[in-house]
Amino acid sequence: MSRLSRRQTLAALGTLPATSFLKPQSSPIKPKAAPFTLCLNMSTIRGQKLGFIGELEAASKAGFRSVEVWVGTLQDYLKTNTPAEARRRLADLGITVENAIGFAPWIVDDATARQKGLDQMKLEMEQLAQIGCKRVATPPIGAQNADAPLIDLRRAAERYRTLLDLGQQTGVNPQLELWGFSKNLNRLSEVMYVAAEANHPNARLLLDVYHLYKGGSGITALPMVGKQAIEVFHVNDYPATLPAAQITDADRVYPGDGVAPIREILKIIQNPDRPVILSLEVFNKNYYAQPADQVTKTAYQKMQAMVAGL
């Protein structure tokens with residue numbers, strides 16, 4: 001083959017787009033990651049009594065890919081099934097267990113009762129680890145009633161640190177949960193202090209739209225909570241007709257059906273480094289009277305609307 005002449009070469013180059021020489025081709029723009037992961041706390045369909053697998057199936061059918069399970073429901077399932085079978089069903093349904101709700105009395109002053117609570121927590125953490133769950137809620141169970149003594153917050157921090165050490169051993173990290181109705185740990189300032197005083201890198205807070213209202217904390221101090229401290233956040237709504245002193249767990253409703261400042265809260269807790277898991281937690285008897293598939297479908301739609309545009 002003969003070499004191209006200079007004139008032929010220039011003519012061929014002239015047919016190429018001018019932009020090929022003016023600027024390099026830019027790399028594809030990566031799509032912005034979703035700031036939130038939508039999750040279903042099984043409290044929302046607990047009244048239908050579907051069992052562990054039935055709850056997972058209802059959540060998956062509605063579109064949820066993340067859930068919070070209740071430890072008691074999982075343990076009932078494990079009486080006749082293995083953790084490996086649970087993992088298979090989770091994989092088949094495309095579901096991740098983000099967190100679990102348990103009630104081990106880890107915070108109480110009575111040393112014997114507290115040790116039993118720690119033993120219970122260890123067992124539950126080991127079971128959760130076997131199904132791939134990496135977190136567990138740690139509310140002030142056993143110290144929530146009105147007649148319970150006030151627990152020194154430094155002692156509470158020491159006890160929470162013990163749980164955090166246990167979490168490192170098992171691979172399931174305890175999330176310090178705020179309970180607005182509780183005698184202890186009912187204020188945002190209290191759980192913030194306990195988490196900070198625990199002086200542990202894995203300390204995390206589990207907050208809730210309803211509990212911030214119920215305990216009187218509001219959201220003014222919420223920006224003071226570090227982004228790292230919130231991995232899971234419970235979402236719900238509440239009606240305008242019920243003051244904090246009168247509202248109960250059962251009065252929570254779907255996001256958007258009440259007057260809670262949910263969008264403002266989400267803007268505050270949004271983390272640019274990783275998605276925050278938003279888990280719908282309600283205990284509404286009206287929802288329990290409906291088919292579970294209807295509740296989960298409505299829940300998913302309400303949560304999509306809740307985060308739209310954020």
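1. A salt bridge is taken here as a side-chain nitrogen of Lys or Arg within 4 Å of a carboxyl oxygen of Asp or Glu. The model is predicted, and by this rule it holds 14 salt bridges.

2. One of these pairs is Lys 79 with Asp 76, whose side chains meet at 3.3 Å from N to O. Lys 79 is exposed, at 65% relative accessible area, whereas Asp 76 is partly exposed, at 47%.

3. Lys 122 and Glu 126 form a salt bridge with an N to O distance of 2.5 Å. Both belong to helix α6 (residues 111-130), and because they are four residues apart there, about one helical turn separates them. Lys 122 has a relative accessible area of 34% and is partly exposed; Glu 126 is likewise partly exposed, at 34%.

4. In the salt bridge between Asp 257 and Lys 302, the closest N and O atoms are 2.7 Å apart. Asp 257 is in the loop between β7 (230-235) and α10 (262-269), while Lys 302 is in helix α12, so this pair ties together parts 45 residues apart in sequence. Asp 257 is partly exposed, with 40% relative accessible area, and Lys 302 is also partly exposed, with 26%.

5. Salt bridges with shared partners also link Glu 98, Arg 135, Arg 204 and Glu 231 into one network.

6. Turning to the interior, nonpolar side chains tend to be buried together in soluble globular proteins. The largest nonpolar core of this model has 96 residues, and those touching the most other members are Leu 222, Phe 233, Leu 266, Ile 269 and Leu 278. Helix α12 (residues 292-307) is the element that gives the most to this core, contributing seven residues.

7. Which residues is Ile 269 in contact with, leaving aside its neighbours within four places in sequence? They are Phe 36, Leu 222, Lys 227, Ile 230, Phe 233, Val 276 and Leu 278. Of these contacts, Leu 222, Phe 233 and Leu 278 are also named among the core residues that touch the most other members.

8. The largest pocket contains about 160 Å³ of space. Its lining is made up of Trp 70, Ile 101, Phe 103, Pro 139, Glu 177, Trp 179, Phe 181, His 211, Asp 249, Arg 252, Glu 281 and Phe 283. By class, the lining comprises seven nonpolar residues, one polar and four charged.

Definitions and conventions: Residues numbered from 1 in each chain as written. Predicted model: local features only at pLDDT ≥ 70, side-chain atom pairs only at ≥ 80, totals over all residues. Heavy atoms only, no water. 1 Å grid on protein atoms, 1.4 Å probe; cavity = no way out; pocket = protein on both sides within 12 Å on 5 of 7 lines; lining within 4 Å. Points joined across faces, edges and corners; volume = space filled by probe spheres on them. Nonpolar A, V, L, I, M, F, W, Y, C, P; charged D, E, K, R; others polar. Core = buried A, V, L, I, M, F, W, Y, C linked by side-chain atoms within 4.5 Å. Buried < 20%, exposed > 50% of the residue type's maximum accessible area, 1.4 Å probe, protein only. Helix = DSSP H or I, 4+ residues; strand = E, 2+ residues; numbered from the N terminus. Contact = heavy atoms within 4.5 Å.
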